[in-house]
Amino acid sequence: MYATLLNQPTSLFGQFELLRRELDQAFGVLDLPSSIRSVTPGTLPAVNVGRTPTSVEVYAFAPGLDASKIDVSLERGLLRIAGERAPGIPEEDANVHVYARERGAGSFSRAISLPDDVNPDAVKASYRDGVLQISIARLESVQPKRIAVQ
């Protein structure tokens, strides 16, 4: 409660967001996304999305996967990352008693909406040290151009 007193929103929508967060906290609803672009905590894989003047860069953090089993597709401005993560401890092993299982396992799929200015024919993807890097070139027509002054 005291932390929210320090960050009083000034807009009407900010007031509604503050009220929503306080009601979620009061009723114990902690795993809901805070905005339409957010996902619930623990969603696999976690992603960072950014852009440069020439490309859109997507970094998906998914350690312990086989690169050949990661499916990356781009269709109609929607980038889809899918795959499957095997459990850390085989469940059929009768000699192992699991006390905690914090590593997510199973199939996953993430969809990321991309801007309209990406070139679907210029996509590069690489997987190294648990990080999937996807670079999608932007169309030349939208890239900044330097104009010489004479």
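Is arginine 76 buried or exposed? Arginine 76 has a relative accessibility of 81%, so it counts as exposed. The cut-off for that class is over 50%. The model is a predicted one.

**Overall make-up**

The protein has 150 residues, and 21% of them count as buried. Its accessible surface is about 11600 Å². Carbon and sulfur atoms hold 54% of that surface. Secondary structure comes to 2 helices and 7 strands. Read from the N terminus, the order is α-α-β-β-β-β-β-β-β. Among contacts with a separation of 6 or more, 50% join residues 24 or more positions apart.

**The sheet of 4 strands**

An open sheet is built from 4 strands in the order β1-β2-β7-β6. Its pairing is antiparallel. The edges are taken by β1 (46-51) and β6 (118-128). Each has a single partner strand, so one side of each lacks a neighbour in the sheet. From one strand to the next, the twist averages 15 degrees.

Strand β2 covers residues 55-61 and pairs with β1 over 6 bridges, in the antiparallel sense. Strands of a sheet pair through backbone hydrogen bonds, in either a parallel or an antiparallel way.

**The sheet of 3 strands**

A further open sheet holds 3 strands, ordered β3-β4-β5. Here too the pairing is antiparallel. Strands β3 and β5 (106-113) form the edges, and each pairs on one side only. The twist averages 15 degrees from one strand to the next.

Between β4 and β5 there are 8 bridges, again antiparallel. Leucine 78 has its bridge partner in β5, namely serine 113.

Which values does phi take at arginine 76 and aspartate 129? In arginine 76, phi is near 55 degrees, which is positive although the residue is not glycine. In aspartate 129, phi is also positive, near 55 degrees, and this residue is likewise not glycine. Most residues other than glycine have a negative phi.

Both sites are in loops. Arginine 76 lies between β3 (71-75) and β4 (78-85). Aspartate 129 sits between β6 and β7 (131-138). Aspartate 129 has a relative accessible area of 69%, so it is exposed.

| Residue | Relative accessible area | Class |
|---|---|---|
| Arginine 76 | 81% | exposed |
| Aspartate 129 | 69% | exposed |
| Leucine 23 | 40% | partly exposed |

**A nonpolar patch on the surface**

Which residues form a nonpolar patch on the surface? They are Leu12, Phe13, Phe16, Leu19, Leu23 and Phe27. Together they have about 730 Å² of accessible area.

Leucine 23 belongs to helix α2, which spans residues 12-26. Its relative accessible area is 40%, so leucine 23 is partly exposed. A patch residue needs over 30% relative accessible area. Leucine 23, at 40%, is over that cut-off.

How values were computed
Residues are numbered from 1 along each chain as its sequence is written. This is a predicted model: local features need pLDDT of at least 70, side-chain atom pairs count only at pLDDT 80 or more; totals for chains, interfaces and linings use all residues. Side-chain values use heavy atoms; hydrogens and water are left out. Buried means under 20% relative accessible area, exposed over 50%, partly exposed in between (1.4 Å probe, protein chains only). Contact means heavy atoms within 4.5 Å. Accessible areas come from the Shrake-Rupley method with a 1.4 Å probe; for residues, only the protein chains shown count as cover. Two strands pair if DSSP finds at least two bridges between them. Axes are lines fitted to C-alpha atoms, for helices over the stretch in contact, and angles run from 0 to 180 degrees between N-to-C directions. Patches are made of residues with over 30% relative accessible area and no salt bridge: like charges are joined within 9 Å, nonpolar side chains (Val, Leu, Ile, Met, Phe, Trp, Tyr) within 5 Å. A salt bridge is a side-chain nitrogen of Lys or Arg within 4 Å of a carboxyl oxygen of Asp or Glu.
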